[in-house]
Amino acid sequence: MDKEAGQKEAGTVTGIYHELEHWNVNMGDKTVHAKRMPGFFRTIKNYTQALYLLFFLVPYLRWNGKQAILFDIEHRQFNFFSLTVLPQDIWMLSLLLLLLAMALFAATSVASRVFCGYFCFQTAWTDWFVWLEDKIEGAPHARRKLDAAPWNLEKIRKKVIKHLLWMAIALFTGISFSIWFVDAYWYWSTLIRLELPMVGWVTLITFFFGTYIMAGLLREQVCMWMCPYARIQGVMTDSQTILPAYDYKRGEPRGKLQRKTDAEGGTAQGDCIDCYQCVQVCPTGVDIRDGQQLGCITCGLCLDACDSIMDKVAKPHGLIRYASLDELEGKPVKKMYQHPRTWVYIGIILMAFGGIVYGLTHLGSMTLNVISERQPLFVRMSDGSIQNKYEFKVLNKTGHDLFVTVTAEGGVKDQVILGAEKPLLTHHGRGTSFTIFVRAPGENIKKEVTPIGFRIQSVEDPLIAAEYKTRFNGPKP
Amino acid sequence: MSEKHDAPGIPTTGHVWDDDLADLTNPPPKWWMLGLAASALFCVVYFIYYPSFPISSTGSFTKGIGGWTAIKEMEADKGEVDAVRGKFETRLKGLTPAAILADSELTEYVKRSGKVLFGDNCAACHGQNGIGTHDKQGLFAPILNDDDWLYGGKIEEIHASIENGRQGMMMAGKDMLSATEIDTLANAVAKGQPNATPLFAEKGCTGCHGPDGKGIQAMGSANLTDKVWRFDSSVEGIKYTISYGVNSGDPKARVAVMPNFKEAGKLSDAELKKLAVYVYKFGGGQADAPAASKAPEAGVAK
């Protein structure tokens, strides 16, 4: 592409016609067979993708005889080592999601689609699938040849092995996902006996096909046409964001490597020798030299490829490098701390993090909710006293059943609490509800609504307690 | 017809409008045609499997080979609910209401499941949650949340009231008492001290309401000394009750009738027991032990 012309016409009306001529969309009609080569970013990518080992292995971790990390949907609780989070504390999940979203945004505003390139499961699984393909079918040119070749035993053998291995990974992915939600060892034994419940089969089959189709067959098409985050992240970069970029000022005009130097009468040309290595290694099949584009997941593999060529032609590294658009255009480059958007993201991250820390340290071991009866608000008894009815809902988050006493603070003078003469049993891990009446002499009631606070307290351990403020309703005095 | 369109080779429908407008007859995409065929096939299978066509001559319809009916599906769903309730319901059947009350799990079950039963059978007069209903005579049916019971607030007594129904009875006093006497009596009763006037004993009120005016539970007569009123607490309202009575046959008499639910046959024994426990748990139910001092606070008219 004529970069100079592109630059001149960018932003003008005639520019759109220029763009049209170069409009080239990867519609998936041709399989991208990317070349794999070692390099700095390849190594980083291997490490970051290896984090997914946690996804496969962590569920087998045990803690006090139970699964260490278990999102126990069936029993509506989340076990994290010795910590148990019940649905009532699930507001922290929203903060966690906020934190993760902001971390994504912050990373994107600083260094573009870091998540896409290094951490995304689509990228990682595709990478592993292609690695297998590379091992079985050979390098890209061999794979292209094999695809075009007529079916014979050799081709069938290779293809069958490849697809079977892919399916094995897909199956294992489904299993590994499932065991975050049910006990891992129970799951395996149930799976082997083919006795999974319906929801278990549906999850497994969904993940099996999801993985096999997306990582094996669709690959970069998912990033191009299915993934919303790919597009969201794309629009969160600005001219200060560093991203894999082709230094067009240095590289253009590109041309095949010449024997003669400029001084010896060769044509003047930039450092790009138009070797297409950057295109050949690209897992999404884009040409980075066309500038920042939708298809680029910023995986950095083209940097490795270009640097290896620069070594061969004895030119400095970095013709394709992590650089901001400002830097490429020769504008003054701002420091990282002059990027206000990143600070806003970091501020939100800290707030969310603080909220989670507060939540986890203030989980409490018991919660109390009191619902005062609305129909009737109060009842006049035969001796003229006024009775209110309260539904107590106690959540005992400890590991065992507890007996609690009920006391009240505030309310009406000489009131009596009925229904809690003896300590009441609360079951652990689920809600317990009981009915409590409060009866007060009619002449002592001074207002229609009197604030009253209830306190429940464990008989065994006074530190396990919970309070709730509500109201005592009476007639107009 | 001119073939002057920029998609040459594709036939048109043959209709031409405005000299040169024509419709191409592009076939729909293959996936679309497959979808159409599949939908048509689905219809055929559906019509064979499920009830579908009305047959007007017999007033019936095709039954379908699957044997599906909405009633069957509903019964199956009901079966699921019944299975959950079943273990409680079976235990309920063999127990007395008092025994149900003694079992906290069963009591909890009745408190949760009795709402519909109460709403269907009792709330029309006693109000949702037993808050009572009012009409022009004042309180139409008693409040069930308080601790004042005409016929007793122990669990067996509540059960008996629901099973057999109740009918209040008070003579109309307008022909036996003078206007002044009615006025004196009404004022004394309104203050909660019926014995403040000798008329209370002289005119035979004590016959039903007891010598102390606290009512006699066996007769369902009202306690005239407490703070809970059966019909109306105003002096005018009390005068009205004394004048025309309750269910006295006088056309202006107050009405206090609760039907016999056992005889009506609408409710099963278990349901009657559940209702007794449900009502007891409104907050006014009386335990057996200290009943002697508090129980007889009753009365139809006061």
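## A walk through the two chains

Glu154(A) and Arg157(A) sit three residues apart in helix α9 of chain A, so about one helical turn separates them. (Helices here are DSSP runs of H or I with at least four residues, strands are runs of E with at least two, and both are numbered from the N terminus.) The side chains of Glu154(A) and Arg157(A) meet in a salt bridge, with N and O 3.1 Å apart; a salt bridge is a side-chain nitrogen of Lys or Arg within 4 Å of a carboxyl oxygen of Asp or Glu. Side chains of opposite charge can pair when their charged atoms come close. Glu154(A) is partly exposed at 38% relative accessibility, and Arg157(A) is partly exposed too, at 44%. Buried means under 20% relative accessible area, exposed means over 50%, and partly exposed lies in between, using a 1.4 Å probe and protein chains only.

A word on the ground rules before going further. This is a predicted model, in which local features need pLDDT of at least 70 and side-chain atom pairs count only at pLDDT 80 or more, while totals for chains, interfaces and linings use all residues. Residues are numbered from 1 along each chain as its sequence is written, chains are lettered from A and ligands numbered from 1 in the order in which they are written, and side-chain values use heavy atoms, leaving out hydrogens and water.

Now let's stay with the charged pairs of chain A. Glu137(A) forms a salt bridge with Lys162(A), and their closest N and O atoms are 3.2 Å apart. This pair links distant parts of the chain: Glu137(A) is in helix α7 (residues 121–137) and Lys162(A) in helix α9 (residues 153–178), 25 residues apart. Are these two partners buried or exposed? Glu137(A) counts as buried at 3% relative accessibility, and Lys162(A) counts as buried at 4%. Both belong to a network of salt bridges that also links Glu133(A), Asp134(A), Arg143(A), Asp147(A), Lys159(A) and Arg219(A). Over all chains, the count comes to 36 salt bridges.

Step back and look at chain A as a whole. Its secondary structure consists of 18 helices and 16 strands. The radius of gyration of chain A is 33 Å, well over the 23 Å that the globule rule gives for 477 residues, so chain A is more spread out than a compact globule. (The radius is taken over C-alpha atoms, and the globule rule is 2.2 Å times the number of residues to the power 0.38.) Along its principal axes, the C-alpha trace of chain A spans about 115 × 60 × 35 Å. Of the 477 residues of chain A, 43% count as buried. Among contacts (heavy atoms within 4.5 Å) between residues at least 6 apart in the sequence of chain A, 68% join residues at least 24 apart.

The backbone has some details to visit as well. Most residues other than glycine have a negative phi, and most peptide bonds are trans. Which bond joins Glu252(A) and Pro253(A)? It is a cis peptide bond, with omega about -10°, and Pro253(A) is in the loop between α14 (248–251) and α15 (277–280). Another cis bond runs from Gln375(A) to Pro376(A), with omega near 5°; Pro376(A) lies in the loop between β8 (366–372) and β9 (379–380). Arg76(A), although not a glycine, has a positive phi of about 50°. Arg76(A) is found in the loop between β3 (69–72) and β4 (77–80), and is exposed, with a relative accessible area of 58%.

Chain B comes next, with 13 helices and eight strands. The radius of gyration of chain B is 35 Å, well over the 19 Å that the globule rule gives for 302 residues, so chain B is also more spread out than a compact globule. Its C-alpha trace spans about 120 × 55 × 40 Å along the principal axes, and buried residues make up 37% of the 302 residues.

In chain B, Lys262(B) forms a salt bridge with Glu163(B), the closest N and O atoms being 3.5 Å apart. Lys262(B) lies in helix α11 (residues 261–264) and Glu163(B) in helix α6 (residues 155–164), so the pair ties together parts that are 99 residues apart in sequence. Lys262(B) is partly exposed at 40% relative accessibility, whereas Glu163(B) is buried at 17%.
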